[in-house]
Each structure stands twice: as C-alpha cells, then as structure tokens.
Amino acid sequence: MARIYVETIIRAPLEEVWAATQDHRRHARWDVRFGRIDPVPGSVPAAFTYATAVLPGVEIAGHGVHSGERRQADGSATSALRFGSADPRSPIRDGSGYWRYVPVPGGVRFLTGYAYRTRWGRTGRLVDLVFGPVFGWATAWSFDRLRLWLEHGVSPESARRRALAELSARAALVTAAVAFDGRPLVVLLALGLALGVPPHRHTPAARRCRRRPSKSDPPETPARPERRRWLESRGLPGRRRGLESRGLPESRCGRESRAPHERRRGLESGGALVSRGWIGSNGPRGQREPLVTSGPAGKDAPR
C-alpha cells in the first residue's frame, strides 16, 4: 500500500481547526484534492461521496465513511476514515487514514497519515510512482492553505489566486530567458530563481509542511485507532499490554532493556537455551518448555 504523511502547525484554537476540517462545506474549500464533498443523509456511521475534477469537465467520483473519532484526556483528538472509488479511471481503489489534532503551545499540531491501494495491477503501481508524489504534494499544499486561512484570514479562494499569479510570474521569467536570450547559463539562472525564490508568506506552499513523521513521535497507522477501540470496547488488552499481563519478558513487547549479547549471556548462565525457548542443555529434541525469564533452571525454579 502507498503511504502519505503530512504535518503542519496551525496557530489557532483546536476547535476552530476541527470545525474547518470536519465540516464538509469548509473542507472542500481548502482541500485541493476534492471538488465537492456531499454527506449521505441518515448514514450511520457518517458516510459521504466526493468528486474531484482532474481535467476541465472530467470528474472522478469516490466514497468514504468516518470510522470513528476519539478524544484524549490531554486534549488531542483523532478522526479516522475509510475511502475508495468504484470509478475505473481512478488510480486509487480503496484506502484508510486519519487526521490527528495535538495541542501545542500557541496552536495545534495538525497531521494526517493515510494509505491506499492502487488499481490496474502493475500498471497502477507504475502510475503511482508519479501520482503518489503529486498526491502527497497536493495534501501538503492544502494543509498550508488551511493554515493561512485560520492564521491570517487569507481565504482559500484568495490563496488559490495568489498561487496561480506567482506560478505565472515564475513561468514568464523562464520563458523570457529562453525567448530573449537563450544562452544556457541565463536560462539556468532564470530557472534557479523561479524554483528557488520562496513564495510569498500569504501564498500556500507545500514546502512549509513536514512530509515525514518524526522518529521520536511516529504517527498512528490508519487501522490502529479503530482496532484499539474495538479491543477496548470488549475489555481486551492491546497487544503490548496483553503480552505484559501474561508475564512475557520486555524484549517480547518490543523493549530491550539490555543489549542482545548481555541478554543471551544472562540466559545461558541460568541454563536456559536461547533458541526456540528451550530449557536446559540436554532436553530431548522436539520437547518445548516455557522460557525461564529469571533465575537458574533447577528443580525448584519457576517455569
């Protein structure tokens, strides 16, 4: 599955960011990926349809459903959804994702992560080599467009006009260099200026958004919030809590408290064979016993 991640900081109250992103009318104004979004009346959970104009007069339709919302005690919020398209012209077959709202000093850390599957087989995977980066760029550009709207009052329509005007000016600079001079050095200089000069602070720019998750704070996968709610609603522990509650060592839960060679040496000193969780050095082949987590493997040792 193709995966996309985008993150930005918006200097606005969390409830204002939530309203601008959850209301389908406001969402369609700032998100360039959608031409229109229409909720399905009476649907539970809330479903919607959408359409995107890829060319003048050519629209690709799709559908989606909100798979859940969650509010945390620290004030953060998460909204998960699933989406897809039955239109054979759409490179996306189906996918899932989430929006996350994290309060930070002076504003909100607004981020998204989503994954999707392509259609058309191998051809679709090749098309996604171009479509994926463009889709990620469109997401980041839209996030910055939303930020300008909530922080500086620049409406999405005004932001689009500013972006088109700057794009035209940059293209005119390169065209003039080619038409009136033509020397490679001059053309390269004009191209460097057109690409390198940063956009106006009130013009949306995808470069202002983070495109990869921080290593210290990895994002939730699209399916994780929904699965975690399903487990908790049935009184079942999550995977990590379940392992810990059964007394398995921390290394089985993904937390290594010691280096691998130290852990191995400690087990061997207690007579525990590391591989496959065998106990003792002379156990019959094929017999499996629980791994001793501490202490020597003797007659009275816990097993």
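1. A salt bridge is taken here as a side-chain nitrogen of Lys or Arg within 4 Å of a carboxyl oxygen of Asp or Glu. By that criterion the structure holds 16 salt bridges.

2. This is a predicted model, in which local features need pLDDT of at least 70 and side-chain atom pairs count only at pLDDT 80 or more, while totals for chains, interfaces and linings use all residues. Residues are numbered from 1 along each chain as its sequence is written, and side-chain values use heavy atoms, with hydrogens and water left out.

3. The sheet is open and has seven strands in the order β1-β7-β6-β5-β4-β3-β2, with antiparallel pairing. Its edge strands, each pairing on one side only, are β1 (2–10) and β2 (36–39). Neighbouring strands of this sheet are turned against each other by 20 degrees on average, direction ignored. Strands (E, at least two residues) and helices (H or I, at least four) are DSSP runs numbered from the N terminus; two strands pair if DSSP finds at least two bridges between them. Axes are lines fitted to C-alpha atoms, for helices over the stretch in contact, and angles run from 0 to 180 degrees between N-to-C directions.

4. The pairing of β1 with β7 (residues 107–118) is antiparallel and comprises nine bridges. Within it, E7 has L111 of β7 as its bridge partner.

5. Helix α1 (residues 14–22) lies across β1, β4 (58–71), β5 (77–84), β6 (92–104) and β7, and runs at about 165 degrees to β6. Helix α3 (residues 121–152) lies across β1, β6 and β7, and runs at about 15 degrees to β1.

6. Helix α5 (residues 184–196) has 13 residues and, at 1.5 Å a residue, should span 18 Å; its end C-alpha atoms are 18 Å apart, which agrees. The expected span is 1.5 Å times one less than the number of residues.

7. Which residues of α5 are buried? They include V187, A190 and A194. These cover an arc of only 65 degrees around the axis, which puts them on the same side of α5; the arc is that of the directions from the helix axis to the C-beta atoms. The buried residues of α5 pack against α4 (156–180). On the face turned away from the buried side, α5 carries the exposed residues P184, L185, L188, L189 and L195. Buried means under 20% relative accessible area, exposed over 50%, and partly exposed in between (1.4 Å probe, protein chains only).

8. Two of the salt bridges may be set side by side. R33 forms one with D31, the closest N and O atoms being 2.6 Å apart; R33 is buried at a relative accessible area of 12%, and D31 also counts as buried, at 1%. R36 forms another with D38, with the closest N and O atoms 3.4 Å apart. Here R36 is partly exposed, with a relative accessible area of 40%, and D38 is partly exposed at 35%.

9. A further salt bridge joins the side chains of R147 and D144 (2.7 Å, N to O). Both residues lie in helix α3, three residues apart, about one turn of the helix. R147 is buried, with a relative accessible area of 11%, and D144 counts as buried at 0% relative accessibility. Salt bridges that share partners join D144, R147, E151 and R208 into one network.

Note on methods: Contact means heavy atoms within 4.5 Å.
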